[in-house]
Amino acid sequence: MPGRRLLFTALSLPLLLTGCAALQLGVVNHAGPVAAEQWHLYLIVAVVLVFVAGPVLLLVPLIAWHYRQSNKNDAYRPDWGFSWPLEILVWIPPIGIVIGLAFLLWSATHSLDPYRPLAATQPPLEVQVVALDWKWLFIYPEEGVATVNQLVIPVGRPVHLSLTSGTVMQSLLIPQLGGQIYAMAGMTTHLNLAASRPGVFRGKNTQYNGRGFQDQKFDVVATEAAAYERWVSRVQTGGSPLDKAALSQVTAQSVMPTPKLFSSVPPNLFGSIVAASTQESQR
Amino acid sequence: MSTPIWPAVLGRFEWRDLPLVRAWQQPTINELIGAGAGAIVIIGAVALVVLLTVTGRWRWLWSEWLTSLDHKKIGIMYVVIAFIMLSRALIEANLMRLQQASAIEAPGIVAPAHFAELFSTHGSIMIFFMAMPFLTGVMNYLVPLQIGARDVAFPLLNAIGLWLTGAGAALMMISLVIGRFSTGGWSGYPPYTEIEFNPGVGPDYWIWAVTLGSIASTIAGINIAVTIYKMRCPGMHLMRMQMFCWTSLCTAILMVFAMPPLTVATALLALDRYLGFHFFTNALGGNMMNYANLFWMFGHPEVYIVILPAFGIWSEVVSTFSSKELYGYVSLVIATMVIAALSFTVWLHHFFTMGQSPSINAAFGIATMAIGVPTGVKIYNWIWTMFRGEVRFTVPMLYALAFMMTFVLGGLTGIILAFPPLDYVVHNTTFLVAHFHNMLIPGTLYGMIAAYTFWFPKAFGFRLDEHWGRIACACWVIGFYLAFMPLYVLGAAGMARRTQAVMEPAYRPWLYAAELGAVILFCGLVALFVQLRVSIRSRDANRVAAGDPWDGRGLEWSVSAPPPEYNFAHLPHVEQRYAFYDDKRKHAPYARPPHYQAITMPKNSAVAPILGIAGAATSFALVWYMWWLAILGLLTIVATVITRSFARDIERVIPADEVARTNDAWLEAVALTRPVPRELETGRANQGLAKVRA
């Protein structure tokens with residue numbers, strides 16, 4: 001649909017210009033199919049909302065000014081307080097708009113459900129995410145490697161994140177790739193996304209979890225498939241293992257400004273973290 | 001210095017719990033700010049005590065105010081609490097914005113833990129100890145006057161609600177002086193607020209302050225609802241009530257049903273923290289999702305609790321200052337009721353990102369959009385009220401116009417957030433912060449300030465200064481746009497809320513603008529205080545003793561300003577909506593009643609102050625594990641309630657001739673008052689008698 005694409009571009013152009021650098025960090029500058037669809041959905045809703053708010057924004061100043069007390073050239077009907085046509089006008093069209101938006105909302109919520117696997121020819125990259133104080137642990141179960149505060153993904157291939165928390169509730173957001181989901185101890189949530197172009201995108205925790213909260217950011221590095229494979233083998237051979245000592249260091253409360261890479265991961269680490277937090281108090 | 005002092009008496013108190021001691025040991029800017037705040041509270045309290053002692057006002061304060069069961073005085077005291085707490089929370093907001101503006105790739109001035117206390121107290125205060133007391137105070141003051149009643153249904157319960165609110169607010173203030181407040185935000189989500197992760201006193205301060213506030217609001221809701229159901233004067237059918245009474249009724253119903261989930265949530269969290277239960281812990285079967293549901297089952301109706309009274313206020317203000325009947329009374333009543341009912345069906349939109357199925361998210365998203373319809377109807381009804389009217393741009397009307405223009409923008413972003421896929425992108429970011437401030441500042445805060453300006457002459461007998469009122473209004477409006485529009489941009493750029501430091505230099509211009517806006521908002525508050533001071537000084541020139549400075553419609557304008565303790569010398573008998581307005585045009589509203597009768601009013605009671613002080617002491621003791629004081633406080637509460645139930649002599653009779661004397665004197669004064677046309681209502685000619693066109 002090149003026409004629609006053009007319309008979107010035309011609509012988003014002024015925003016891009018005025019939003020300056022800050023908005024480049026957000027969904028406006030989307031870098032994946034999920035965020036792109038979210039942005040398109042936003043533009044559709046925004047256009048509808050112009051028609052919802054427009055009349056109010058026009059009528060309030062116009063009517064207030066026209067019927068100001070000092071203007072003696074207007075009608076004054078102090079006892080007028082009801083009109084069926086106006087009543088129909090203020091109830092029916094808004095109800096119609098909401099019904100229309102409801103259909104859009106229903107289908108968009110299902111198609112953009114974070115649990116819904118992305119359509120693709122290749123199987124998704126599985127990544128297990130553990131929210132810790134104040135860092136993110138990313139486990140690549142199929143590759144047998146893990147990272148802290150760096151999520152490297154291949155461009156074009158869907159990524160399926162399974163999330164849990166080793167501590168309090170947190171929330172993972174990658175604005176340019178789309179989606180946000182809570183990570184809760186003893187439970188697993190899911191987030192499906194993908195990058196459509198190479199780049200470095202900021203991810204973060206948005207749920208306050210203590211004094212290191214503001215530093216709990218990570219970079220999502222999207223690279224071409226070949227570069228991704230090279231990165232995996234480099235980590236597999238070059239890094240240190242995520243053994244007991246390293247794990248206790250990672251799970252302790254701390255801020256880790258530079259990413260860490262681990263060449264091997266204990267089997268079913270993610271599952272054991274999910275199970276452990278429901279068993280007993282960690283105190 | 002880090003061991004408890006006399007644990008049997010002082011519980012877990014240590015010297016380091018005093019911010020002054022912390023600042024002495026570690027004189028950083030961060031600690032000095034904390035110590036300064038504590039010092040302000042102490043100095044303020046001492047100054048108040050000295051002032052009362054020097055002027056010999058203790059007895060007056062006790063008998064005229066603190067023990068009074070007069071709904072009007074209770075209402076005024078609620079508003080006083082609201083203004084004090086508004087001042088503190090607005091200063092905290094300024095500090096947060098200053099921190100963010102100074103912490104772009106830099107540490108800033110406030111440490112992370114302190115910053116977290118700031119956003120937690122700011123939110124908790126603004127909701128529980130600013131918005132709630134303000135609207136409860138306004139309802140308290142107005143509802144009996146508007147329905148033609150001499151008092152509320154439960155005068156003592158009313159005072160108890162006030163004192164419990166005061167106790168909660170006092171606990172918030174004490175947390176500045178002793179210990180630290182919670183860092184868990186105003187919503188206090190576990191497991192972060194569980195003892196495993198936060199063993200300190202902070203979450204306990206939050207739990208007990210909010211518990212006191214929530215019980216007080218439940219009480220207030222019961223009282224207002226019963227008052228409206230049972231105390232209306234003869235002829236005051238439900239469909240003849242002022243719109244403010246309707247919105248108050250809906251608010252009261254919401255309070256009765258929405259506050260208990262909060263009380264339950266905080267009580268369960270307290271059981272977790274004090275007795276090792278596992279309602280919301282990570283381990284042993286606890287589940288924080290239950291807390292999220294309970295909290296927002298309160299939290300969403302709460303949004304409408306704070307907005308509906310303002311909708312009632314706008315209805316009164318727009319109609320009065322357009323010299324015109326409120327458009328679409330019936331449809332406004334229906335819209336209010338629909339909003340009240342729907343408000344219980346949308347709580348899940350506060351956590352679309354918790355992993356539930358898309359069908360559930362979609363259902364709650366659609367319900368959320370549906371609330372927009374009756375809300376939009378209300379806005380249009382106010383527009384049609386101005387249509388073919390004569391609009392006067394007085395201060396309350398300026399707030400009303402700013403509200404309508406601004407609230408619509410908040411509604412738009414609300415619809416955006418109601419779409420789960422769009423919510424995923426901006427949930428927990430400053431976009432959300434901007435959205436709810438966009439609803440609450442124009443909606444609730446402007447509404448409350450408009451009410452304060454509009455009914456102040458009724459309560460105190462003189463008008464507020466118009467000039468400073470306009471300055472304040474300009475500050476609140478300009479400040480709002482500067483402070484919160486940038487937050488929409490920052491949220492769309494992915495800036496998480498509650499962020500103490502920022503790593504993205506691209507955020508800089510927006511954070512600077514927001515900081516400037518916060519300063520202007522603070523100027524708005526200062527302007528309000530200046531306005532009050534100026535108005536008190538020139539009060540003799542601005543008296544409106546006749547009681548009707550704005551050509552009002554409701555019964556509250558038909559009595560003197562300030563009204564007598566019993567409101568109506570002779571209970572009105574109404575035969576239509578806006579009876580007083582019609583009386584002014586067709587009959588003689590200021591006629592002497594054929595005969596006067598003795599009036600029975602409730603006697604002053606020390607029960608509420610005792611319960612409030614005991615409640616505060618018990619809560620404080622629970623925070624600090626001072627078990628002896630907690631038991632003592634609880635025993636005092638139980639003993640007071642039992643003793644009160646035996647009290648027989650609780651009423652006071654005002655003799656008929658005293659009523660006659662007061663009322664006749666007022667009627668004589670009214671007869672000598674020169675009626676003022678609307679063009680001159682903001683000038684000194686306005687003595688509270690409206691000149692009406694036949």
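**Figure 1. Pairing of strands E1 and E2 in chain A.** In strand E2 of chain A, the residue bridged to A:Ala131 is A:Trp136. This legend and those that follow describe a predicted model. Strand E1 and strand E2 (residues 135-140) of chain A run antiparallel to each other and share 5 bridges. The peptide bond between A:Asp133 and A:Trp134 is cis, with omega about -5 degrees.

**Figure 2. Strand E1 of chain A and its parallel partner.** Strand E5 (residues 159-165) of chain A pairs with E1(A) in the parallel sense, and 7 bridges link the two. Within this pairing, A:Gln128 of chain A has A:Ser162 in E5(A) as its bridge partner. Is strand E1 of chain A largely enclosed or largely open? Of the 8 residues of E1(A) (residues 125-132), 6 are buried, so the strand is largely enclosed by the rest of the structure.

**Figure 3. The open sheet of chain A.** The sheet contains 6 strands of chain A, arranged in the order E8-E5-E1-E2-E3-E11, and its pairing is mixed. Strand E8 (189-193) and strand E11 (260-262) of chain A are the edge strands, each pairing on one side only. From one strand to the next, the twist averages 20 degrees. The phi angle of A:Asn268 is near 55 degrees, which is positive although the residue is not glycine. A:Asn268 has 13 C-beta neighbours inside 10 Å and therefore counts as partly exposed.

**Figure 4. The two domains of chain A.** Chain A comprises domain 1 (2-111) and domain 2 (125-279). The distance between the C-alpha centres of domain 1 and domain 2 of chain A is 38 Å. Contacts between them involve 11 residues of domain 1 of chain A and 13 residues of domain 2 of chain A. The side of domain 1 that touches domain 2 in chain A consists of 6 nonpolar and 5 polar residues, with no charged residues.

**Figure 5. The contact between chain A and chain B.** Across this interface, 80 residues of chain A are in contact with 79 residues of chain B. Several elements of chain A each supply at least two residues to the side touching chain B, among them helix H1 (2-23), helix H2 (33-66), strand E6 (170-173) and strand E9 (199-205). Which element gives the largest share of the side of chain A that touches chain B? That element is H3(A), with 14 residues. Sorted by class, this side of chain A has 47 nonpolar, 22 polar and 11 charged residues.

**Figure 6. The largest nonpolar core.** This core has 296 residues, and those with the most contacts inside it are A:Val129, B:Met130, B:Leu171, B:Tyr399 and B:Ala400. Helix H10 (residues 288-321) of chain B contributes the largest share of the core, 21 residues. Domain 1 (2-111) and domain 2 (125-279) of chain A each provide at least three of the core residues. Beyond its neighbours within four places in sequence, B:Met130 is in contact with B:Ala82, B:Met85, B:Leu86, B:Ala89 and B:Ile125. Another core, of 7 residues, lies apart from the largest one and includes B:Phe462, B:Ala546, B:Ala561 and B:Val676.

**Figure 7. The surroundings of B:Tyr507.** B:Tyr507 is placed in the loop between helix H16 (466-492) and helix H17 (508-537) of chain B. Because 26 C-beta neighbours lie inside 10 Å, B:Tyr507 counts as buried. Setting aside neighbours within four places in sequence, B:Tyr507 is in contact with A:Ala22 of chain A, and also with B:Ile104, B:Leu490, B:Ala493, B:Met495 and B:Val502 of chain B. B:Gly447 is 60 residues from B:Tyr507 in sequence, and the two are 32 Å apart in space, C-alpha to C-alpha.

**Figure 8. Backbone details in two loops of chain B.** The loop between H17 and helix H18 (579-586) of chain B contains B:Pro562. B:Ala561 and B:Pro562 are joined by a cis peptide bond, with omega near -5 degrees. B:Ser323 is located in the loop between H10 and helix H11 (329-342) of chain B. Though not a glycine, B:Ser323 has a positive phi of about 50 degrees. B:Ser323 counts as partly exposed because it has 18 C-beta neighbours inside 10 Å.

Conventions. Residues numbered from 1 in each chain as written. Chains lettered and ligands numbered in written order. Predicted model: local features only at pLDDT ≥ 70, side-chain atom pairs only at ≥ 80, totals over all residues. Buried ≥ 20, exposed ≤ 12 C-beta atoms within 10 Å, placed from the backbone. Helix = DSSP H or I, 4+ residues; strand = E, 2+ residues; numbered from the N terminus. Pairing = 2+ DSSP bridges. Axes fitted to C-alpha atoms, helices over the stretch in contact; angles between N-to-C directions. Contact = placed C-beta atoms within 7 Å. Nonpolar A, V, L, I, M, F, W, Y, C, P; charged D, E, K, R; others polar. Domains from an automatic or database assignment. Core = buried A, V, L, I, M, F, W, Y, C linked by C-beta atoms within 7 Å.
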